[in-house]
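Hi everyone, thanks for coming. I'd like to walk you through a structure today, so please have it open while I talk.

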Amino acid sequence: MSDAARDQLARVVRQHAGQLAVALMRVTGDFATAEDLVQDAVLAALQHWPAEGIPERPDAWLFTVARRRALDGLRRADNYRAKLAQLQWPVQTDDDERLRLIFTCCHPALPREAQIALTLRVVCGLTTAQIGRAFLVHETAIARRITRAKRKITDAGIPYRVPDHDELAARLTEVLTVIYLLFNEGYLATTDPPASRDLAEDAEWLASLLDQLMPTEPEVAGLLALIRLHRARAAARFGPDGGLVLLRDQDRTRWDREAIADAVRLLTRAARRQRPGPYQLQAAIVACHAEAERFADTDWEQIVLLYDMLLHLAPSPVTRLHRAIAVRYATGAQAAMAELDDLADVLGEYHLYHATRAELLRELGQPGQARAADRRALNLTTNPAEQAVLQQRLAWI
Amino acid sequence: MKYVLLFVETEDFARDLEAMDQAERDRAYQRVVEWMATHAGKIRGGNKLQSPETATTVRLDRGEPVITDGPFVEGKEVVSGYTEIEVADLDEALRMVKTWPGCPIVEVRPLE
């Protein structure tokens, strides 16, 4: 099957898997059962569609398979059977039901990896094997995670509901974290892209779905804008040899200006709600980069200000490191180095801390120390694309 | 659903409690009493445990029963009491626990 056909297949499955889960949830009232049936239907689709073609009504096809399996498989559940037999496609699902599904998958009583795996399986319709490949984890380990999580949902009484108003903020943060982790996993992955599923695309799709379902939550729009701003520039991130290209060296004509403008509009609309948050601020920082025609045009003062706001809302040493990089361009290497010195204790094991120090030392005329810092960074990273950049730097200078 | 809330004390917490004067300690206990009163409709029972030094552990997986002094795990965190509650689901249990004014750790465990 061609890449295009496979992508198309993945998109169709993703479009309908969550809806199917919602419909089945309504009948069975049991998350674990609904989840199993969705997975069965997805596996059947992946088996049949490549040869037979995608059916005209993929949703009805998936539904029919799931219903048949359910009627065959549910021995004890006579009441399900009666309800299932009556259930006709299309089932109208409302926004609340789709949200319930997402919030249950991302319940804070579940471990993070299980939240991610469940969301991918139930909401995006990935198979266990696809999740395993994307995370370089054996399929059986993913299957175990999912089984354990579903058992906990049932046994510990994790409810299937949208959180109440007073707990919504914390619970939404949990969902956004899952989507952002998925995005990073996909975006930072440097293995041969066609070999594995593009999780960055799944993350964008999820963020976009959530934005449709919760249009008044500015942080959801902020995360969606952030993901789109990154993806709009993805083509320039890797050179012809597959190596990572640093921001300042990227060919900006390869950035998707239209997509950037759209994402900035989305972000501006979110900002009008005057409820700033970490995702909106990160998106605003990325927008400053994305809107600069040339590296030299970057508005570094604005970026430093945005980092100050971000640190106020979400203090983190890594964010301070990023701010220090902005300070280097806004004020100078000396000022940036002073900030880095303060971070030595907390970020001593972080490769980008040393890579940044190396750049500053070089600018401050200390090439020997700079090489040592580059070497330290190289020892600390396992990411092959980042290793390549550091090795190149050591070889050149 | 029924859950047991296991209240867990830490060394820091014990030290803080120790450092309080009588009036402060009374106020801290009063907050716990108030929490219990607020949630009385959902509480099905429970008890404060005596200190871990009073515990005796019996191990039955070593041939003959082995009796030792102390709790089954030696640690800085010890179970100091439990309450059984009956609520709709885990979210309701968590909502209750979030306002617990006593010890710093609470484990929420469903009953069979």
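Let's begin where the two chains meet: the contact takes six residues from chain A and five residues from chain B. Two residues count as in contact if their C-beta atoms, placed from the backbone, lie within 7 Å. On the chain B side that touches chain A, three residues are nonpolar, two are charged and none is polar. For that sorting, Ala, Val, Leu, Ile, Met, Phe, Trp, Tyr, Cys and Pro count as nonpolar, Asp, Glu, Lys and Arg as charged, and the others, Gly among them, as polar.

A word on what you are looking at. This is a predicted model, where local features need pLDDT of at least 70, side-chain atom pairs count only at pLDDT 80 or more, and totals for chains, interfaces and linings use all residues. Residues are numbered from 1 along each chain as its sequence is written, while chains are lettered from A and ligands numbered from 1 in the order in which they are written.

How confident is the predictor? It gives the complex an ipTM of 0.85 and a pTM of 0.88. For chain B, the average pLDDT (the predictor's confidence in each residue, from 0 to 100) is 93, and 100% of the residues score at least 70. Within chain B, confidence is highest in strand S6 (residues 105-110), at a mean of 97, and lowest in strand S4 (residues 66-69), at 90.

Staying with chain B, we find three helices and six strands, in the order β-α-α-β-β-β-β-α-β along the sequence. Helices (H or I, at least four residues) and strands (E, at least two) are DSSP runs, numbered from the N terminus. The C-alpha atoms of chain B fill a box of roughly 45 × 40 × 20 Å along the principal axes. Of the 112 residues in chain B, 12% are buried. A residue is buried if 20 or more other C-beta atoms lie within 10 Å of its own, exposed if 12 or fewer, and partly exposed in between, with C-beta atoms placed from the backbone. And among contacts in chain B between residues at least 6 apart in sequence, 75% join residues at least 24 apart.

Now over to chain A. Which residues touch the most other members of the largest nonpolar core? They are A:Leu20, A:Ala21, A:Leu24, A:Val38, A:Ile179, A:Ala225 and A:Leu229, in a core of 113 residues. A nonpolar core here is a set of buried Ala, Val, Leu, Ile, Met, Phe, Trp, Tyr and Cys residues joined through C-beta atoms within 7 Å. Take A:Ala21: beyond its neighbours within four places in sequence, it contacts A:Ala34, A:Glu35, A:Val38, A:Leu101 and A:Val122.

Two of those partners turn up again in a helix pair. A:Leu101, A:Ile102 and A:Cys105 in H5(A) meet A:Gln115, A:Leu118, A:Thr119, A:Val122 and A:Val123 in H6(A). That contact has six nonpolar residues, two polar and no charged. The axes of H5 (residues 95-105) and H6 (residues 112-123) of chain A come within 8 Å and cross at roughly 150°. Axes are lines fitted to C-alpha atoms, for helices over the stretch in contact, and angles run from 0 to 180 degrees between N-to-C directions. H5(A) and H6(A) are therefore roughly antiparallel. Angles under 35 degrees count as roughly parallel, over 145 as roughly antiparallel, 65 to 115 as roughly perpendicular and the rest as oblique.

Compare another pair: H9 (residues 165-188) and H11 (residues 218-231) of chain A pack at about 5°, with axes 11 Å apart, so H9(A) and H11(A) are roughly parallel. Their contact divides into nine nonpolar residues, one polar and one charged.

A:Ala207 lies in helix H10 (residues 199-213) of chain A. Is A:Ala207 buried or exposed? Buried, because 26 other C-beta atoms lie within 10 Å. Not counting residues up to four places away in sequence, A:Ala207 touches A:Ile179, A:Val220, A:Leu223, A:Leu224 and A:Ile227.

Last stop, the loops. A:Leu136, between helices H7 (128-135) and H8 (139-155) of chain A, has a positive phi of about 55° although it is not a glycine. A:Leu136 counts as exposed because it has 10 C-beta neighbours inside 10 Å. A:Gln274 also has a positive phi of about 55° without being a glycine, and is exposed, with 7 other C-beta atoms within 10 Å. Happy to take questions!
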